[in-house]
There are 2 protein chains.
Amino acid sequence: MTPQSENFSRWYLDTIRKADLMDYAPVRGCIVFKPEGYELWERIQQAMDKRFKETGHRNAYFPMLIPESFFQKEKEHVEGFNPELPWVTEVAGEKLEERLALRPTSETVIGHMYSQWINSYRDLPVLINQWANVFRWEKRTTPFLRTSEFLWQEGHTAHANEEEARQETMQMLEIYREVVEEVLAIPVWKGQKTPSERFAGAVDTYSIEAMMKDGKAVQAGTSHYLGDKFAKGFEIKFLDRDNQLKYVHTTSWGTSTRLIGSMIMVHGDDKGLAVPPRISPTQVIMIPVGPPNKRQAVIEKMDEIFFALKDAGVRVKTDLREETPGWKFNEWEMRGVPVRIEIGPRDIANNQVVVARRDTGEKVSVDIDNAVAAVQQLLEDIQVNMLNKARAFRDANSHTHINSLEELKAHIAKAEQDGTLGGWVLGGWCGNDDCESKVKEETSFTTRNIPFDPPVEKDTCICCGQKAEHTVWFSRAY
Amino acid sequence: MTPQSENFSRWYLDTIRKADLMDYAPVRGCIVFKPEGYELWERIQQAMDKRFKETGHRNAYFPMLIPESFFQKEKEHVEGFNPELPWVTEVAGEKLEERLALRPTSETVIGHMYSQWINSYRDLPVLINQWANVFRWEKRTTPFLRTSEFLWQEGHTAHANEEEARQETMQMLEIYREVVEEVLAIPVWKGQKTPSERFAGAVDTYSIEAMMKDGKAVQAGTSHYLGDKFAKGFEIKFLDRDNQLKYVHTTSWGTSTRLIGSMIMVHGDDKGLAVPPRISPTQVIMIPVGPPNKRQAVIEKMDEIFFALKDAGVRVKTDLREETPGWKFNEWEMRGVPVRIEIGPRDIANNQVVVARRDTGEKVSVDIDNAVAAVQQLLEDIQVNMLNKARAFRDANSHTHINSLEELKAHIAKAEQDGTLGGWVLGGWCGNDDCESKVKEETSFTTRNIPFDPPVEKDTCICCGQKAEHTVWFSRAY
């Protein structure tokens, strides 16, 4: 496997294939989510879905094919998505009268349905989420992060007024933060996207942004306040309590299988994956050690501990294959399993097992009678430690002292000499699109978001030096 | 709502829309699964997925778009599916070099991947399932039962030999029977499809078949032994223990959102839906009764019972809207909620509530202190009763005394006079395709399956009178 320091993207591609998470599909830009990769997605789904339902949302399913005319109804939306749409033009040899797009997102078809379902304030709010496959035919693809077909959830809600819709937008952003930080152990900045980075057709777009180990950013989730733009495009009107016919205010919000890629790029190292306990398909791997002729007693003891852990709700596996313990240690480290238990005849004699943690590499001996509680505590500790470690890395690679384009260029030039990309830079921004574009053109750093709670507030624009309206994260991004 | 006896399909379409399960989509033959309908699917998914995983299967996700050339690799397969395929021919204005089909099923693309993943007997068995949307552009569509796009699961497994693959085929058929009978309370016949009704490309197809209330059949799940046909088409070979290069033996098996439609057509009545407790999104609806000025005390008591039920794991809701109790009773009966609890000031004075069941219409008074246990028991009883009732209906409409085409025609003619379709008929079959076709042409009855365990064995072919090789269910079918 290529070391991270040598070539990060090569390391990433090596790791996800070696850990058996995916394979390339026979269609350009598409991948197969293999069971080890798909199970990560299933656990992300569970964590998200639970919170969606707790906040009153229900799932539904809308058709994947969207008539071409639907895209014309919201001008910015069609401009944003048209260059990436695959089209169904024929069925069983017959040409269709109207082309059908494979959905890139479902605001249009859902807007069309909502216009029929919503008549009165009594019908509001409508709080619906969809788990689905979507298509965006992009030029450059990276497994999990950017593929022609990917899996996601898209929430679509309709409200009687702006205030409620804006509350919803923020609530869902907070749910995203919670799942991504607390389950995936990825620290994020909540904030607002600049107008040029907004979702096509949104009034305001908010995001959570995460730093990968190469210093690049991933937009890990977005939540949009759409105002009445789609309501006007699709005539979604309701009779309010005051007997006035009004347009609804809508939101949409989404997270996708790119969370899998983010998790890998935040926690992985030269040994391979490192998966946080709360998301890991396997939390504990048990491996027998010591001479093969004493294996029988070891396996009996292992089984005891295995079932005790299983009964306590720990996702545990044993590896009884013929390979050497050393080979197995490497194998399960590469797969990112958070805890390894080693057990041999000498351990049994001492009524203990050796417990090794993936995140720090530490090994400790644990009394067998106390093994379940110790492992449970350790899994919690690892979860917390992985988030803290990722946050420390992020903060160490976030630069807040840069105040001009010259300083930014010098920072990047120096970083490149050191073989890095320069991490993230917090800069002031006057609010002018031209300054944003100039930074992008001259440095390849783009605005990530305007964090709600920046580490410091900036006074002057990093580009023009005028008064800053906003403090913004700049970086390279996936 | 149209009564069932007047026009069953009109009743069905009225019911599913009134109960808010679906809506028609703006694309031909597609529907929207609204939250009330989608939640039924989510519960079917949970019941299935749990059993798939318990038997060692894992989920994965394969690309939806399948290159045209893939369909050519298994001759029968392409002939079977070609007439129903939608094609992507262009992306963002550019014509593709090779057309891409929207998957109707995934044997081809999965076969292609398996040929790369499987090299040795150590790689076997491969036990993978996929939850996905699929497309079959059929001429006549019925919501849930037959739509252009639908949701399903498709299992695809590869094995070292025929015996193992055949065991898998039977195991999955039995899992389908278990979920459909025990969760959806739909009695089914397990059996083998005749060659003309086989899945395109299968060696043997097995099914579970269910009778709807109009006497028509629904194929509720299928499990296929594919032999080495796809292995040969896609070159899926492995080095066996004996050092010989061999083709794997594959299976596939699927159930879909048509189970939702089946559940409705098996249990529904002129009041609307009737949903078995194990699948019902809401199991208990609580409705306050009595004079509005005494409502406050009633609601407090209701809350107490509500939380006690919720804590016990019962899916319970209260209806505190302003409508009359009578209106609400009808509304929740129409939605098929299995148990209704009525509670008023007089009930509280007597420390009891009234419990009404949807399946029989019976009402009993239950001591409040015993309400939770009584409701839990009642839900179990309703589950069992609904299966028994459906089985009694099925058996009353299954005819085993018919031994010739003339008798079959007379039976159908008499049924038509009575305004029914004639239910199912058990007939002998010589095994000749011509006899099967003749029955179909002259009566519209098709072979459902050759039940493993028929109520009686037939000696002579219902068509030609020669010796029967098989005993077969014949009926009209969805």
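Helices (H or I, at least four residues) and strands (E, at least two) are DSSP runs, numbered from the N terminus. With that in place, let me turn to the structure, which is a predicted model: local features need pLDDT of at least 70, side-chain atom pairs count only at pLDDT 80 or more, and totals for chains, interfaces and linings use all residues. Residues are numbered from 1 along each chain as its sequence is written, chains are lettered from A and ligands numbered from 1 in the order in which they are written, and side-chain values use heavy atoms, with hydrogens and water left out.

For the complex, the predictor gives an ipTM of 0.96 and a pTM of 0.96.

Residues 28–276 of chain A are 32% helix and 33% strand, and the end C-alpha atoms of this span lie 31 Å apart.

I now move to chain B. Helix H13, residues 405–417, reaches 18 Å from its first C-alpha to its last. Which of its residues are buried, that is, under 20% relative accessible area with a 1.4 Å probe and protein chains only? They are B:Leu405, B:Leu408, B:His411, B:Ile412 and B:Ala415. Seen down the axis of H13(B), these buried residues fall within an arc of 120°, taken from the directions from the helix axis to the C-beta atoms, so they line one face of the helix. They pack against strand E20 (398–399), strand E21 (424–429) and helix H14 (433–443) of chain B, where contact means heavy atoms within 4.5 Å. On the other side, B:Glu406, B:Lys414 and B:Gln417 are exposed, meaning over 50%.

Definitions and conventions. Expected span 1.5 Å × (residues − 1).
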